Amino acid sequence: MSFWQFLQANWSELLLLVRQHIVLVFVSILVAVIIGVPTGIILTRYRVLRGPVLGIANVMQTIPSLALFGFLIPLPFIGGIGTRTALVALVLYSLLPIIRNTVTGILNVDPNVREAAVAMGMTGGQVLRQVELPLAMGVIVTGIRVATVIAVGVTTIAAAVGAGGLGVYIFRGLRQYDNNLLLAGALSAALLALAADSLLGLVERQFSFETKRSVVARRLALAVAVVLVIGGVAFWLGRSTPSSESRIAVGSKDFTESALLAEIVAQMLEARGVSVERRFELGGNLPHEALVAGTLDLYPEYTGTSFTAILQHAPITDPRAVYDRVKQEYADRFKVEVSQPLGFENTFAILVRGEDARRLNLKTISNASTEAPRWRAGFGQDFMSRADGYPGFSKTYGLKFAEVREMDLSLTYIALSSRQVDLIAGNSTEGRISTLDLFQLADDRHYFPPYEAVYLVRQDSLTRVPALQEVLSKLANAISTDEMRRLNYEIDGRKRDPKEVVKEWLKGKGF
Amino acid sequence: MGHQEAQKALPLVQFHNVTYSLPNATIISDLNLTVERGETLVLLGESGCGKTTTLKLINRLLTPSSGEVRVEGKSTTAWDPIELRRRIGYVIQEGGLFPHFTIARNVGLVPALLGWDDVRAKERGREMLNLVGLDPDRFAERYPRELSGGQRQRVGVARALAADPPLLLLDEPFGALDPLTRASLQREFAELATRLDKTAVLVTHDVREAMILGQRIGLMHKGQLLLLESPERFRASDHPQARAYLETLNVNGGDS
């Protein structure tokens with residue numbers, strides 16, 4: 001599908017996301033101005049407060065946005081999932097430039113002018129309203145402008161907590177290896193940032209009473225916009241140097257299990273004297289891209305994911321058929337070898353709280369269909385959009401939820417256990433299923449296609465490093481679902497070092 | 001009426017044993033000074049001598065550490081500072097004009113603060129611009145940045161005079177101007193002060209300016225008033241500080 005066709009087909013959804021995005025940015029900037037400008041004024045009056053308050057605002061800005069969302073979810077009143085949480089985070093991010101520029105703007109008012117104002121017999125309030133604020137307004141608007149451009153970028157992350165906006169397309173595009181989604185999301189966000197920047201630039205010019213203008217602030221704002229909005233895309237397109245002769249570059253996706261499986265191969269290779277370059281935690285379909293490009297030699301994958309997301313086939317339920325077709329097509333199209341299955345599946349697990357399952361005596365997904373109309377469901381972007389995801393799932397089981405929230409997958413577990421939602425689609429090997437007392441409903445109509453864990457490895461890497469073949473054949477059928485869950489739990493639940501966990505496991509297995 | 005007559009008889013400004021000090025320095029020490037009605041008193045001294053501080057003690061931008069400054073017989077600390085300042089015109093270097101106000105609004109500032117109605121304030125503003133030699137039709141709607149330094153200084157004087165205050169304070173008002181503009185503004189200001197019968201205290205480091213404008217010249221040095229004389233007697237003084245200033249006048253014609 002060309003980008004143009006994509007736009008025509010998804011025009012109304014894109015507009016909806018743009019609208020959500022604008023509303024999020026607008027409301028959060030409005031609130032940040034209402035809080036930030038008076039705070040800035042107070043800081044110009046009370047010098048002792050200036051350091052601590054600006055310090056706190058500074059720290060706020062350095063917290064990675066996804067981490068901030070994570071902190072906010074369990075909090076009462078301001079937390080939870082959805083728009084409110086996103087707004088709180090966006091306001092916190094926007095405060096610093098607004099407060100700082102208000103302080104700078106007022107303190108930079110020509111002392112002669114301020115002295116003249118006082119000497120003319122103006123009261124404190126008159127000096128502030130008639131002299132200081134009007135003269136500082138240009139700098140304050142610059143701060144609002146910087147904050148707005150940053151907010152347009154950060155709002156793309158808001159999709160992670162189910163607040164919508166253009167991040168929905170960007171996340172989905174990264175996960176599904178879909179350039180159209182990525183481009184539509186990133187391009188729209190970039191255009192929004194540019195539009196907001198030039199609009200506020202016009203406002204700023206209204207307050208130019210003298211010739212000095214801050215070129216630096218403007219450039220900074222633009223730079224931030226470009227970095228935040230298309231940074232992800234640039235990263236995705238980035239190619240580093242190809243693997244050298246004796247080195248093996250092992251990649252993984254951005255979740256625990258993938259990193260664990262990658263670490264297992266890495267340590268086994270190192271034990272055989274092969275030097276390993278670890279490139280773990282790659283987002284979306286970066287590992288696939290990197291593998292095909294030769295930046296990676298191998299990474300762990302799931303047959304169902306390759307079959308539907310990469311090869312774009314309609315989902316089927318026969319594990320053997322899926323494996324065979326993936327193996328065949330990867331060899332033909334990418335010169336990539338698919339290893340023997342590792343022995344476990346990581347499929348979608350439909351999860352509810354354990355206490356609900358016991359109280360309502362739920363065993364299967366079919367059991368849950370009567371409860372669904374009273375329930376809120378929380379699903380990862382992946383599940384919402386994949387061919388083997390939500391649409392077919394709800395149809396197969398005849399499920400109609402009171403509400404469906406699209407949010408970041410790893411946050412859905414916390415959302416479920418803290419009662420923000422009542423049903424989620426997690427990973428069947430997720431360690432937190434047992435630690436958070438979640439219950440997996442059985443897929444009694446066999447809707448979900450097989451997701452057998454395998455390693456994908458470049459054919460030329462296999463010939464270059466013979467040890468690779470030996471390691472991979474040893475790992476065939478070596479890990480059961482229970483074992484995988486336990487390993488995940490060691491890291492996610494008990495917060496242990498993945499390298500240690502892998503070392504122990506290899507020892508126990510006698511590898 | 002009797003009360004007002006009594007007030008008129010009082011000197012406009014009196015310093016009684018005034019000391020002003022900061023935590024680590026004494027700026028003014030034990031200053032005694034009386035400004036008579038109608039006179040232009042010039043405080044002359046190098047930078048840091050305390051002459052600007054003296055000025056700010058009069059309109060209560062600063063208050064004395066000890067002693068008392070009286071304006072119209074009343075201590076500045078007993079005045080409502082806002083009311084006091086609105087009765088005193090203040091002119092600083094470059095005029096201290098508000099860059100975001102038009103010339104008309106700048107000049108009409110104190111009348112507006114005093115609550116004059118618009119028509120009267122506007123009329124007064126035009127009158128003041130005429131007084132300082134600026135055509136209201138040309139300048140009223142311009143902004144300070146569109147004016148030359150000399151024109152801005154004229155506007156500063158017009159603004160200080162707008163509410164017809166009994167007292168004018170001028171802090172190096174002509175310091176930033178080129179010599180020719182400065183000379184003509186000095187001449188015009190001397191005429192204006194005489195014509196309007198204003199009391200003025202002017203601060204400068206330029207002895208030539210002091211000689212032209214002052215009815216009395218106070219020479220300040222390190223926070224102390226060394227002497228206070230008429231220009232004629234100042235010229236004849238044998239005080240070493242005064243001689244040092246007068247010698248610069250002979251060497252380079254007073255331009256610094």
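This is a predicted model: local features need pLDDT of at least 70, side-chain atom pairs count only at pLDDT 80 or more; totals for chains, interfaces and linings use all residues.
On the α10(A) side, the contact is made by A:T256, A:E257 and A:L260. Helix α22(A) contributes A:M484, A:L487, A:N488, A:I491 and A:D492. By class, the contact between these helices comprises 4 nonpolar, 2 polar and 2 charged residues.

## Contact between chains A and B

The two chains meet through 15 residues of chain A and 16 residues of chain B. On the chain A side, the elements that give two or more residues are α5 (111-119) and α6 (124-155). Helix α5(A) gives the most, with 6 residues.

The residues of chain A that touch chain B divide into 10 nonpolar, 3 polar and 2 charged.

## Sheet in chain B

Chain B contains an open sheet of 4 strands in the order β2-β1-β4-β5, with antiparallel pairing. Strands β2 (25-35) and β5 (74-75) of chain B each have a single partner strand and stand at the edges, so one side of each is left without a neighbour in the sheet.

Strand β1 of chain B, residues 13-22, runs antiparallel to β2(B) and is joined to it by 7 bridges. Within this part of chain B, B:V13 stands opposite B:V35 in β2(B).

Terms used: Residues are numbered from 1 along each chain as its sequence is written. Chains are lettered from A and ligands numbered from 1 in the order in which they are written. Two residues are in contact if their C-beta atoms, placed from the backbone, lie within 7 Å. Ala, Val, Leu, Ile, Met, Phe, Trp, Tyr, Cys and Pro count as nonpolar, Asp, Glu, Lys and Arg as charged, and the others, Gly among them, as polar. Two strands pair if DSSP finds at least two bridges between them.
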